[in-house]
Amino acid sequence: MAKMRAMAVPEAGARLQLQEREIPSPDRHEVLIRVQACGVCHSDTLTVGGYAPGMRYPRVPGHEVIGRLEALGPDVDGWQVGTRVGVGWFPGSCGYCSQCRHGDAFACENIQGATGISRDGGYATHMLAHVTALARVPPDLDAVESAPLLCAGITTYNALRNSGAGAGDLVAIHGVGGLGHLGIQFAARLGLRVVAINRGRDKEELARSLGAQEYIDAQSSDPAAALQRLGGAKAILATVTDAAAMQAVVGGLGTNGTLMVIGAVGALTVDSLDLLRKRAAVKGWYSGTSADSEDTLLFSHRHRIRSMNEIYALEQAQAAYDRMVSGKARFRVVLKVE
Ligand SMILES: [Zn+2]
Ligand SMILES: [Zn+2]
């Protein structure tokens with residue numbers, strides 16, 4: 001039997017371990033993917049640290065996967081061996097439950113969990129995926145460059161296009177990091193008037209070079225007041241991971257504005273009077289389905305949107321993970337597997 005290599009978490013809190021395994025055969029409605037690249041994301045701490053409910057080990061993290069189809073299981077229609085595919089968080093959907101039939105496949109009642117959490121992910125040479133979890137990848141899109149688009153990319157692009165903001169509207173990208181540096185590029189290409197908000201001035205030049213027309217330093221000024229001076233935001237894409245920082249921008253929403261929450265910060269305190277007098281909203285956004293991933297890859301390809309990445313080999317996954325956790329990476333970390 002041919003073998004595969006995986007960088008697996010043997011138990012909660014343990015270091016990643018190189019494991020040689022038999023290459024698994026795809027089950028019904030599953031495919032086997034030869035992984036080309038996989039992004040290393042802050043959310044992988046859920047898998048490594050054991051913070052996701054019901055975690056079972058060993059588990060291979062990784063939910064920003066690009067590869068090629070190597071084998072198809074029974075009852076897989078519409079896909080061919082050799083096709084380039086991407087897999088993000090979305091683990092697939094059944095197509096027949098009430099959620100799926102109402103167009104909310106992300107909330108499928110039968111296929112739950114997430115890639116790299118409830119099933120093995122892309123820190124490996126091979127992985128299995130449900131066929132409905134697959135996104136098509138444009139043939140000339142570089143795997144290493146585009147892997148983070150399957151998480152950081154889809155999350156920002158999909159939240160922006162569902163925020164209610166249209167061409168010319170003022171949109172704030174809160175946080176110029178792994179998510180935010182992509183959010184700025186998407187917002188600018190979507191024709192929005194982009195304001196970047198970050199602490200300090202270090203990232204102002206970068207934010208402007210990516211497409212931000214305005215920049216607010218949240219350390220030296222009140223970001224909500226600064227947004228109001230610009231007319232109030234139609235949407236704020238909140239990518240930060242600190243509740244106090246997020247709360248400080250909500251007051252910057254304009255009439256009918258929406259705070260799109262994509263950074264998990266726990267409890268959030270907002271002024272209800274401020275919301276109701278502006279008819280404003282605070283809304284969470286799930287990254288998206290495989291179809292949303294495909295849209296993100298196509299849009300990124302057409303508009304030359306890329307994440308800025310630091311590259312590591314598969315066997316260096318622990319170093320890559322440590323680098324990501326340090327918060328010093330500019331901006332995403334990617335494993336080049338093939
Ligand atoms: Zn991610
Ligand atoms: Zn379903």
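## Contacts around Leu237

Two residues count as in contact if their C-beta atoms, placed from the backbone, lie within 7 Å. By that test, and leaving aside neighbours within four places in sequence, Leu237 touches Thr156, Ala159, Leu160, Val171, Ala172, Ile173, His174, Gly183, Met260 and Ile262.

A quick word on ground rules: this is a predicted model, where local features need pLDDT of at least 70, side-chain atom pairs count only at pLDDT 80 or more, and totals for chains, interfaces and linings use all residues. Residues are numbered from 1 along each chain as its sequence is written, with chains lettered from A and ligands numbered from 1 in the order in which they are written.

## The nonpolar core

Of its 89 residues, Val171, Ala172, Ile236, Leu237 and Leu335 touch the most other members.

## Helix α4

Buried here means 20 or more other C-beta atoms within 10 Å of a residue's own, again placed from the backbone. Nine of the 10 residues in α4 pass, among them Thr156, Ala159 and Leu160. Their cover includes α5 (180–189), β11 (233–238), β12 (253–261), α10 and β15 (332–336).

## Helix α10

In α10, the buried residues are Ser290, Asp292, Ser293, Thr296, Leu297 and Ser300. Seen down the axis, they fall within an arc of 155 degrees (taken from the directions from axis to C-beta atoms), so they line one face of the helix. Just after α10, Arg304 has a positive phi of about 55 degrees.

Conventions. Buried ≥ 20, exposed ≤ 12 C-beta atoms within 10 Å, placed from the backbone. Helix = DSSP H or I, 4+ residues; strand = E, 2+ residues; numbered from the N terminus. Core = buried A, V, L, I, M, F, W, Y, C linked by C-beta atoms within 7 Å.
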